[in-house]
Each structure stands twice: as structure tokens, then as C-alpha cells.
Amino acid sequence: GGIKTYQDAIALINAGATRLGTSSGVDIILGEKIKLVARNSHDYDEDCWSEVDDNRLFLREYLLWVDCTNSLQDVSNATDMFIDMWNNGENYAYFIVLNSTGKAIGSIDIHSIDYKNYSAEIGYWLAKEHNGNGYMIEAVKLIEKQAFDAGMNRIYIASNKSNDRLNITLPKNKEKYSFLNLTLTTPSVVKSVTVPFILSFAIQV
């Protein structure tokens, strides 16, 4: 039951597999201030709902799904989706949990995984009141290390160009990885406007 290693996944992809069963994964990644807890249960749904609802105006500027999240049930449904994607090897989502309180304050995930080209994308959000404490810098470092240790060679992060907090986070994670910023323009699927994005990628060195 489930793919045990990245090498197993590559072997199946090379053999022609289009879906992967990865019921075994890294459930908890420990850091100094935070831990990343796999979003493969509903244990932190209430924390997640509270933070999304309290930070709605802050988050909706950057995240298209916020306006579609209007109840605890919506969060529970999203968790079910993440569990399915985890089991299929399509997305590895984690709650960002404070070590000091045990409370979930955000989320981070690895998605758009290309097993043949050894690349993936990182997405994340953090409650506004917890910005500026180094939590996201640590979370990005932890999940990047996990991805690179699993065999990925390139990790992408795309964000709204006006997201100054993310543009602070990236340079502080240059200890092991090199970053190149490119300015892209992509249409928003929610509003009929174009939104400038920065695409950054980390390369294992």
C-alpha cells in the first residue's frame, strides 16, 4: 500500500504510470519555531477556518480560493481534497503549526509536481498577525529541503508582485539555493484584470 520512496515513483513513471499511490509520506517535519504537519487528517481544520475567516481581507488579495471558503465545512472539504491528492502523489500539503502553542497558523504545500523533470512548485499562506516572526522563512526552508532530499532539482514559487512579504522571504532563504526572479503577467480567474507575478525558482546547489 503506497509508494515508499521517490525512487519508486520515478520507476513507475518511467514504466508509464500516470497516477501514483503514495499513502506513506513524511507526516511531520520539525523546525525550531514551527512544525509542518501533513494535511492528511482533519485535526487542524478548526484552526485553519478560524485563521482564514479572521484574515479574509488580508488573504484574498493574493489567494483566489479565499472567497470560496465560507464555512468550516468548506475547509473540511478542502482537506478531503488534499488527502486524495496526497494519496495520488499530486500534492503534499502541510499545516504550519507553532511549536509553542500547537496552533495551526497557515499552510504550505508542494504541487505541480513533475516527476520526469524533477521539479515542483510551492504555495503557502500565513495569518497576518504571525507575519514578521520568521515562521514562513523557516517553513519554506523545511519544505524545500524535504523536496530536494526526495530528489527534486528545481522548486518554483509564484506570487503577486505586490506581495512584499514573500519578496522578503525569498532572499533570506539563499543559504543553500540560488534564486532568479522573472516578472510575468497572468490574467486573474476571479477578476477581469491582469495581475503581475514574480516567478522565483530554487535550484539545488
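Me: What makes two strands a pair?
Reply: Two strands pair if DSSP finds at least two bridges between them. This model is predicted.

Me: How do you know that strand 4 and strand 5 pair?
Reply: The cut-off is at least two bridges. Strand 4 and strand 5 (residues 119-126) have seven bridges, in the antiparallel sense. Therefore they count as a pair. Asp114 stands opposite Ser119 in strand 5.

Me: What lies between strand 4 and strand 5 in their hairpin?
Reply: Four residues. Tyr118 takes a positive phi near 60° in this hairpin.

Me: Why are strand 3 and strand 4 called paired?
Reply: At least two bridges are needed. Six bridges join strand 3 (residues 92-98) to strand 4, so the pair qualifies. The two strands run antiparallel. Val97 stands opposite Ala104 in strand 4.

Me: Which residue in the turn between strand 3 and strand 4 has a positive phi?
Reply: Gly102, at about 75°. The hairpin has five residues between its strands.

Me: Why is strand 4 called mostly covered?
Reply: Buried means under 20% relative accessible area. In strand 4 (residues 104-114), nine of eleven residues are buried, so the strand is mostly covered. For the protein, 44% of the 205 residues count as buried.

Me: Which elements make up the protein, and in what pattern?
Reply: There are six helices and eight strands. Along the sequence the pattern is α-β-β-α-α-α-β-β-β-α-β-α-β-β.

How values were computed. Residues are numbered from 1 along each chain as its sequence is written. This is a predicted model: local features need pLDDT of at least 70, side-chain atom pairs count only at pLDDT 80 or more; totals for chains, interfaces and linings use all residues. Side-chain values use heavy atoms; hydrogens and water are left out. Buried means under 20% relative accessible area, exposed over 50%, partly exposed in between (1.4 Å probe, protein chains only).
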